[in-house]
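I opened the model today to look up a few residues and ring pairs. My notes follow.

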Amino acid sequence: MQWNTLAERLFGAQHGIVADGDLLSGTPTFDGQPLAVIGTTNHAPIGVRLALAQARAVLDTVAQHPGRAILLLIDTQGQQLRRRDELLGINRAMAHLGMAIDLARRHGHRVVGLVYDQALSGGFITSGLIADACYALPEAEIRVMRIPAMARVTKLPEARLTELSQSNPVFAPGVDNYVAMGGVRALWEGDLAAALREALAHTPTDDVRARDGAARGGRQLAAAVAQRVLDAA
C-alpha cells in the first residue's frame, strides 16, 4: 500500500504526514491526541543519514513531547549496502536508532511499528522489532534473509533450507510466518484506524514475542530458553 493511502485511511485526508526523500514524518491527530509518525518509504535502504534522521525524530519527540505515542511506518529493503556508509559506521548509526526507540519506550512512550509494504534485514530489526509491538498489513513482505543468503551463512544446502521452510516458520519469509514466530503481533485488516486504536490501547509494554511464538507454534523453544537464562542470572 502507498504510504499516503495508508495515512488517509488512518488519519483522514488532513493527516499532515510528509515525505522528505525516503523519510516520512508528521504529527497527525488521532482520537483528539497528537501522534508522532516516523517512517520510511520507497523501499528505503537505511544508510547512516536515514538512520540518524529517524533517531533524531524519535529523540525530539522524547525531549519535546513527553509521553506522546509514536507510530513507526516501515518500508525498507534493509541496510544501505554502500562503501560510504560502511566507512561512516552504519552499524553504529543503526544501533543508535534502535537505542533511541528503546529510550522512548523506557520514558513511557507507546511505540507501535507497522510494516505497510516491505521489511527486510537490519532496516526492520532496528525499527519495527524494537517497538513495543510490530504489526503488518496482510500484503506486506517481511524477511530477514533470502534462502540463498541463509545457505551461504549456515553452510547448509539451499534444498535443505527450502524443505525446512515448508514446515518451520523460522526458515520462511512472509507475514504469516512472522505472526507465527511472534515477531509480528497481528495483521491489520479492514478498519485500519480501529486497528491502530486497539494497538495503542492494548499493546503490552513488556516483550511477549517469545511467548507469542511458543503459543502459536512458530518458535517453540525461545521462551523457555530465555526464561532459563533469566532464572540463572
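I began with Thr41, which sits in the loop between β5 (36–40) and β6 (44–46). Helices (H or I, at least four residues) and strands (E, at least two) are DSSP runs, numbered from the N terminus. The model is predicted: local features need pLDDT of at least 70, side-chain atom pairs count only at pLDDT 80 or more, and totals for chains, interfaces and linings use all residues. Residues are numbered from 1 along each chain as its sequence is written, and side-chain values use heavy atoms, with hydrogens and water left out.

Is Thr41 buried or exposed? Thr41 counts as buried because its relative accessibility is 6%. (Buried is under 20% relative accessible area, exposed over 50%, partly exposed in between; 1.4 Å probe, protein chains only.)

I then looked up the contacts of Thr41 (heavy atoms within 4.5 Å). Leaving aside neighbours within four places in sequence, Thr41 touches Trp3, Gly21, Asp22, Leu24, Asp75 and Tyr116.

Next came the rings. Rings of Phe, Tyr and Trp (its six-membered ring) pair if their centres lie within 6.5 Å; planes under 30 degrees apart are stacked, over 60 edge-to-face, the rest tilted. I get three aromatic pairs by this rule. Phe11 and Phe30 have ring centres 5.9 Å apart and planes at 90°, so they pair edge-to-face. Phe11 is in helix α1 (residues 3–11) and Phe30 in strand β3 (residues 29–30), 19 residues apart. Phe11 and Phe30 are both buried.

Tyr135 and Trp188 have ring centres 5.3 Å apart and planes at 40°, so this pair is tilted. Tyr135 and Trp188 are buried as well.
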